Structures are given as structure tokens and as C-alpha cells.
Amino acid sequence: MHFISEELEQYIADHTSAQGSLLDELEKETWRKVLVPRMISGHVQGRALAMFSKMISPQRILEIGAYTGFSALCLAEGLREDGILHTIEVNEELCEMQDRFWELSGKGHQIHRHLGEALQILPQLEGPYDLIFIDADKDNYLSYYEMSINLLRPGGFILVDNVLWSGKVVDENAQNDKDTIKMQELNARIQDDDRVENLLLGIRDGIMMVRLR
Ligand SMILES: C[S@@+](CC[C@H](N)C(=O)[O-])C[C@H]1O[C@@H](n2cnc3c(N)ncnc32)[C@H](O)[C@@H]1O
């Protein structure tokens, strides 16, 4: 997905801090070994997640959709020293890679993985969280959003990934596509939600930034 020219994308990457050798290695290994590697946040979005987290200095972060553990590591950069990041992932095969990189980062003791279906795990979690990142199956995004609101502290933030859905949210030819409709419904729900203020950022595939009033 390229919303802007590849040249400008490269310029943005060239003027964004490097992510460090461990995240470089994790990204490379993801592209080499794991299915659908484009799901990884990658350099620029990863730096955005790290920057947001550092701006908030969260005590408690929740992530829905860990994949190979890349975004958890970026978000964990802003955690307070005694902070904790909970992440939910359904695919057991990814655990070995997550554990290995989380340990190498020195932040492994601050990352707690919940293995299983997010819809089943979310009701078992105790809030409040300061920051929640939603990045799992798009079918359940609306439910994840509502459940996240209930787990968030007032003044806390939710980040929702892929809200532009490769541009299909405004593509006339995609208006009957099930996932596109789901994403449009979520964006409309957030836009009309009096409980929050929101900002849609055109980073990568679109990040909806939500602050609970
Ligand atoms: C887009 S990837 C996450 C990418 C990751 N946040 C990153 O930026 O590197 C989505 C992940 O959500 C997981 N997932 C999909 N459906 C899920 C569900 N129902 N419950 C929990 N995890 C799920 C997938 O296995 C996949 O690893």
C-alpha cells in the first residue's frame, strides 16, 4: 500500500530515527520465516508507536495482536521502569520468536503474553490501562474497541491500526467488501463517540488515535 509516492516514503524513513539492530533483526527474521510478513508494523510505524509511548510514559499497556513481537517491543520502549505490557496473540507458533526477541531486548520481564482468542481473554483482564494498541483480526475490531474503552483509564489512549484498509475505505470499487465495511463502521463509530476525541493519522495503513475523555 502506497498512499504517497515511494520517493516520499523513503524520505520519511530517511528522516525517522533508526530502530536499532535488534528490531532490524526481528524485522528481517519475520520477512524470512513467517507467513504474511507485511503484517509487521515496521520501521516508521514502529518509531511512531515508540514515540507515542514515550510521550505518555504508560504504567500499563495492552496490545491486541502480537504477531512476532515487534510492536510490543516498540511500545515497551516508553514503559515506566515498573510498568507492564500485556499482549494477546492466538497463534502459538509465534511464541518462540516473541520470547527470544523480548528476552534479548532486556524487557522480557515487563511483557506478559496471553495466548488465545482476544474476545475470550479481554473480559478476563483487569484495567485500567494507559495505552491500548488494537492490531488483530479486523472482523472483531468494533468489539475490541468497545472492550478497550472499558479497560482504559480516563485520559488514556487507544491506537487502532489499519483504519484506512489500503485506501479501500474511500475506494468506490471496494464498497461491498466485508472488511472494508467493517472498517468504515468502526471509523464512523469512533467519529460519533461522545466519550472520546480522535485523530486519524495517515501513517502507513492509517492509525486512529483515540483519547478517552
Ligand atoms: C497484524 S498482526 C499484528 C502485528 C503486530 N502488532 C506488529 O505490529 O508487529 C495481527 C496478529 O493478530 C493475531 N490474531 C488474529 N486474530 C486473533 C484473535 N482472534 N485473537 C488474538 N490474536 C489474533 C494474528 O495471529 C496476528 O499475529
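What follows is a short chat about this structure.

Me: Before we start, is this model predicted or experimental?

Reply: Predicted.

Me: OK. How many helices and strands does the protein have?

Reply: There are eight helices and seven strands.

Me: And how compact is the protein for its length?

Reply: Its radius of gyration is 16 Å, close to the 17 Å that the globule rule gives for 213 residues, so the protein is as compact as a globular protein of that length. Along the principal axes, the C-alpha atoms fill a box of roughly 45 × 40 × 30 Å.

Me: Let's do the sheet. What's the strand order?

Reply: The order is β3-β2-β1-β4-β5-β7-β6, in an open sheet of seven strands with mixed pairing.

Me: Which are the edge strands?

Reply: Those are β3 (111–115) and β6 (196–201), each of which pairs on one side only. From one strand to the next, the twist averages 15°.

Me: Which helix packs on the sheet there?

Reply: Helix α3 (residues 42–56) does, touching β4 (129–134) and β5 (152–161). The direction of α3 makes about 165° with that of β4.

Me: Back to β6. How many bridges join β6 to β7?

Reply: Six bridges, and the two strands run antiparallel, with β7 covering residues 207–212. Within that pairing, Leu199 stands opposite Met209, and the bridge partner of Val196 is Leu212.

Me: Where else does a residue other than glycine have a positive phi?

Reply: Val36 is one of them, with phi near 50°. You'll find Val36 in the loop between α2 (21–33) and α3.

Me: Switching to helix packing. At what angle do α7 and α8 cross?

Reply: Roughly 25°, and their axes come within 9 Å. That angle makes α7 roughly parallel to α8.

Me: Which residues meet between α2 and α5?

Reply: Leu22, Leu26 and Glu29 in α2 meet Met97, Phe101, Leu104 and Ser105 in α5. By class, that contact of α2 with α5 comes to five nonpolar, one polar and one charged.

Me: Last topic, the ligand. Which residues come nearest?

Reply: Ser41, Gly65, Tyr67, Ser71 and Asp137 come nearest, out of 16 residues around the ligand.

Me: Which elements give two or more residues to the shell around the ligand?

Reply: Those are α4 (70–76) and β2 (84–89).

Me: How do the residues of that shell divide by class?

Reply: Eight are nonpolar, four polar and four charged.

Me: Great, that covers my list. Thanks!

Definitions and conventions: Residues numbered from 1 in each chain as written. Predicted model: local features only at pLDDT ≥ 70, side-chain atom pairs only at ≥ 80, totals over all residues. Axes fitted to C-alpha atoms, helices over the stretch in contact; angles between N-to-C directions. Helix = DSSP H or I, 4+ residues; strand = E, 2+ residues; numbered from the N terminus. Parallel < 35°, antiparallel > 145°, perpendicular 65-115°, else oblique. Near = placed C-beta within 6 Å. Nonpolar A, V, L, I, M, F, W, Y, C, P; charged D, E, K, R; others polar. Pairing = 2+ DSSP bridges. Contact = placed C-beta atoms within 7 Å. Rg over C-alpha atoms; globule rule 2.2 N^0.38 Å.
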